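Here are my notes on the model you sent over.

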Amino acid sequence: MDIEDVTTFVEVADAGGISGAARRLGVSKSIVSRRLSRLETELGVQLLARTTRGAALTEAGITFRNHAAIVRAEIDAAREIIRPAGDLRGRLRISVPLTFGPTHFAPILAEMARRHPQLHIHTASSDRFVDIIAEGFDCAIRVGYLPDSNLIARRVGPIYGKLVASPDYIKAHGAPETLDELSAHEALMQGTETWQFMDGDEIVTVHPRGRFKADNGTALAVAAAAGLGVAWLPDCVTHQYIASGALVPVMTRHPPPSAGAYVIRPPGQHPSRKVQALTELLIERLEEYPPLA
C-alpha cells in the first residue's frame with residue numbers, strides 16, 4: 001500500500017471531494033482520482049461514493065479515514081525526527097474551541113502561519129471535546145478544567161471566570177449566595193459538566209442542573225442575558241454584558257478557581273516540532289497580552 005495514496009485519501013475525505021483535495025495537494029484531479037482508485041483496488045472496498053454533488057465517504061471510507069489519519073500523523077512525526085533542522089513543513093491540524101477560536105486564537109494561528117511559510121495550518125472550531133487521535137488532529141487547544149485522560153497537556157495561559165445572571169432573573173428568582181443555594185437555581189451549561197468554587201482555601205465541586213444547554217459560551221451568555229438562569233462563563237465572554245448591565249456577577253464570596261488554556265496532544269515521548277512551535281508561540285503571545293484573562 002502506497003503511503004502517498006493513503007495520505008491523498010485523507011485529503012479527499014477532509015476536503016469533501018477530489019477537486020478540493022487536488023487544490024490542497026497542488027496536483028491535478030486525475031492524479032488524485034488515480035491514487036484513490038489504486039487504494040480502493042488494494043483494499044478491495046469502495047471508500048468514496050461519487051454523486052452529482054461531489055463525493056461522500058462510504059461506511060468503509062469513514063472507518064479507514066480515521067486509521068489513515070493516524071498513519072499519516074505517524075509518518076509526519078517520523079519525518080520530523082529524522083529531519084529536525086530547517087523550516088517547518090507539512091500540515092498542522094488543530095482543533096480549537098468555538099467560543100475562543102475565531103476571536104482569541106485565530107490571530108495567534110495567523111502569526112504561526114506567517115512565521116512558517118512552508119507550513120499548512122488547518123483548524124476546526126468546536127467546543128466539543130474532539131477525539132484528537134481518532135479524528136486525526138495533531139493537537140487541540142482546550143480551555144477550562146481538563147478531565148483525566150491519557151493525553152498530554154501543556155498549560156499555555158490562565159482563564160478567569162465568574163458566575164453571572166441577568167437582573168431580571170435575580171428579580172424573579174433571587175441570587176444564589178451559598179453553594180447550597182446554587183442547587184435550587186437553573187444552570188446554563190454546555191453538557192453535564194461540573195462547576196468548581198472556592199470555599200476558603202478549599203475547592204468545592206458542584207453538579208449544577210438546568211434545562212438549557214448550548215455547545216458554546218457565547219450562546220450561554222445570550223441565554224443568561226435573556227434571564228434563563230445562572231452561568232459560569234469566562235470574563236472575556238461576559239465583560240461586555242457586565243459593562244452594559246445585562247449580566248451581573250453572583251455568589252462572589254465563592255469565586256471559581258482560575259482555569260487554563262492548554263495544548264493537548266496524543267501521548268508520545270516528544271511533541272512534534274510543529275506542535276512545540278505552536279505551544280511556544282501561544283505562551284509567548286498570552287504572556288505579552290493575556291486575552292483570556
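1. A cut-off first: a residue counts as buried when its relative accessible area is under 20%. The model is predicted, so please read every value below as computed from it. By that cut-off phenylalanine 9 is buried, because its relative accessibility is 1%. Phenylalanine 64 is at 18% relative accessibility, so it counts as buried too.

2. How many aromatic pairs does the structure hold? There are 2. One joins phenylalanine 9 and phenylalanine 64. Their ring centres are 5.6 Å apart, the planes make an angle of 45 degrees, and the pair is tilted. This pair links distant parts of the chain.

3. Glutamate 11 and alanine 243 are 232 residues apart in sequence. In space, their C-alpha atoms are 45 Å apart.

4. Now the sheet. An open sheet of 5 strands runs in the order β4-β3-β5-β14-β6, and its pairing is mixed. Which strands stand at the edges? They are β4 (119-125) and β6 (152-159). Each has a single partner strand, so one side of each has no neighbour in the sheet. From one strand to the next, the twist averages 20 degrees.

5. Strands of a sheet pair through backbone hydrogen bonds, in a parallel or an antiparallel sense. β6 pairs with strand β14 (residues 259-265) in the antiparallel sense, over 7 bridges. Isoleucine 152 stands opposite arginine 265 in β14.

6. The charged end of arginine 93 sits over the ring of phenylalanine 137, 4.0 Å from the ring centre. Arg93 turns up again in the lining of the largest cavity.

7. On to the cavities. The structure holds 2 of 30 Å³ or more. The largest contains about 60 Å³ of space. Its lining is made up of Ala69, Arg72, Ala73, Asp76, Arg91, Arg93, Gly136 and Asp138. Two elements, α4 and β3 (90-96), each give two or more residues to that lining. Which gives the most? It is α4, with 4 residues.

8. Last, the largest pocket. Its volume is about 850 Å³. The lining has 31 residues, and the closest to the pocket centre are Phe129, Val143, Gly144, Gln190 and Glu193. Elements that give two or more residues are β3, β5 (139-144), β9 (195-199), α8 (217-225) and β12 (230-234). Where does the largest share of the lining come from? β5 supplies it, with 4 residues.

Technical notes: Residues numbered from 1 in each chain as written. Predicted model: local features only at pLDDT ≥ 70, side-chain atom pairs only at ≥ 80, totals over all residues. Heavy atoms only, no water. Phe/Tyr/Trp six-rings, centres within 6.5 Å; stacked < 30°, edge-to-face > 60°. Buried < 20%, exposed > 50% of the residue type's maximum accessible area, 1.4 Å probe, protein only. Lys NZ or Arg CZ within 6 Å of the ring centre and 35° of its normal. Pairing = 2+ DSSP bridges. Axes fitted to C-alpha atoms, helices over the stretch in contact; angles between N-to-C directions. 1 Å grid on protein atoms, 1.4 Å probe; cavity = no way out; pocket = protein on both sides within 12 Å on 5 of 7 lines; lining within 4 Å. Points joined across faces, edges and corners; volume = space filled by probe spheres on them.
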